[in-house]
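Here are my notes on the model you sent. They are set out as numbered points, so that each can be checked against the coordinates.

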Amino acid sequence: MINFFRRIRKKLADDNKPLKYMRYAIGEILLVVVGILIALQVNNWNEYRQERRSELNFLSRIREDLMVDNAYFKRRIDDANQFIASSDEFLNSLFDKQHSIADADAMMELFREFDSSEMMTTQNSTISEMLYAGKLELITNPELKSLLLDYYRKSEEAAKHIAEFNAYTVDVLNIMVDKAPNIYIMEAYLEIDLAFEEEFGYLNDPSSGEFKAITYTAGLYGTKHGVFLGYFKELEVLSEELIKRLEQLE
């Protein structure tokens with residue numbers, strides 16, 4: 001294309017011999033400038049296309065991470081609801097009179113259904129890679145970028161609070177076991193001919209230290225799972241909304 005314009009310019013310049021060389025020189029300069037500008041434009045366009053491909057690739061991976069998170073939060077919501085229900089049922093049973101070791105063991109089976117201290121884990125490898133490599137600016141939609149950062153910030157805060165709450169409840173559980181060391185090995189007593197009141201009479205005495213420790217621990221675990229449930233519900237909704245937004249980009 002440049003050679004074509006050069007031939008036209010040369011012919012025009014030849015028509016006026018005194019200005020021939022001046023026109024030729026100016027034309028050469030203009031052609032070089034135009035060529036440089038075209039090359040820069042092509043280069044910029046190629047870079048833009050490459051960046052958009054990278055952006056879509058990262059966003060696709062983030063969507064996959066969010067889909068894993070969303071399924072995870074749904075499962076944790078179901079678990080938390082079950083833990084809360086078991087905690088309530090246990091506390092109600094605890095204040096009923098226990099007549100035998102078998103009765104008490106059945107009641108403690110409920111306790112073992114909610115004494116979970118599972119940590120929270122999310123899929124953040126893609127966003128971490130972008131942050132580490134300075135690639136976050138590839139996301140051209142400022143609103144989407146803000147929503148993603150807000151989601152991962154809330155996820156990180158929730159995971160931290162869950163870890164702290166779990167550590168505290170485990171400490172309280174250990175104190176309970178210290179006060180009532182036979183509470184977690186109740187099954188072993190089923191095969192031994194021992195009087196219930198001698199070993200587990202405290203389960204029918206709300207004023208005893210053991211009973212108070214068990215009541216406080218069970219209530220604390222129920223409260224903990226209620227707090228966790230709030231985190232999981234919020235993050236489940238946020239991840240769902242982000243998935244829908246990202247699907248619109250594909």
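**Notes on the predicted model**

1. Burial. Of the 250 residues in the protein chain, 35% are buried. The model is a predicted one, and the values below are computed from it.

2. Secondary structure. The protein chain has 8 helices and 0 strands. Read from the N terminus, the order of elements is α-α-α-α-α-α-α-α. Among contacts between residues at least 6 apart in sequence, 79% join residues that are at least 24 apart.

3. Helix H5. This helix covers residues 142-179, which is 38 residues. At the start of H5, a side-chain oxygen of asparagine 141 comes to within 3.0 Å of the backbone nitrogen of glutamate 143.

4. Aspartate 150. This residue belongs to helix H5. Aspartate 150 has a relative accessibility of 23% and therefore counts as partly exposed, because the buried class requires a value under 20%.

5. Largest pocket. What is the volume of the largest pocket? The value is about 210 Å³. The lining consists of 13 residues, and those closest to the centre of the pocket are Asn124, Ile127, Tyr152, Arg153 and Glu156. Helix H4 (125-133) and H5 each supply at least two residues of this lining. H5 gives the most, with 6 residues. Sorted by class, the lining of the largest pocket holds 6 nonpolar, 5 polar and 2 charged residues.

6. Cavity. How many cavities of 30 Å³ or more does a search of the whole structure find? The search returns 1. The volume of the largest cavity is about 40 Å³. Helix H2 (20-94) and helix H8 (209-247) are the elements that give two or more residues to its lining. The lining residues are Arg76, Asp79, Ala80, Phe83, His225, Phe228 and Phe232. H2 contributes the most, with 4 residues. By class, the lining of the largest cavity has 4 nonpolar, 1 polar and 2 charged residues.

7. With 3.6 residues a turn in an α-helix, residues three or four places apart point the same way.

8. Arginine 52. Is arginine 52 buried or exposed? At 17% relative accessibility, arginine 52 counts as buried, because the value falls under the 20% cut-off. Arginine 52 sits in helix H2. Leaving aside residues up to four places away in sequence, arginine 52 touches Leu138 and Thr140.

9. Glutamate 241. Helix H8 contains glutamate 241. Its relative accessible area is 44%, and glutamate 241 is therefore partly exposed, since exposed would mean over 50%. The C-alpha atoms of glutamate 241 and leucine 66 are separated by 9.9 Å, while the two residues are 175 residues apart along the chain.

Definitions and conventions. Residues numbered from 1 in each chain as written. Predicted model: local features only at pLDDT ≥ 70, side-chain atom pairs only at ≥ 80, totals over all residues. Heavy atoms only, no water. Expected span 1.5 Å × (residues − 1). Polar contact = N/O pair within 3.5 Å; in protein donor to acceptor, adjacent residues only side chain to side chain. 1 Å grid on protein atoms, 1.4 Å probe; cavity = no way out; pocket = protein on both sides within 12 Å on 5 of 7 lines; lining within 4 Å. Points joined across faces, edges and corners; volume = space filled by probe spheres on them. Nonpolar A, V, L, I, M, F, W, Y, C, P; charged D, E, K, R; others polar. Buried < 20%, exposed > 50% of the residue type's maximum accessible area, 1.4 Å probe, protein only. Contact = heavy atoms within 4.5 Å.
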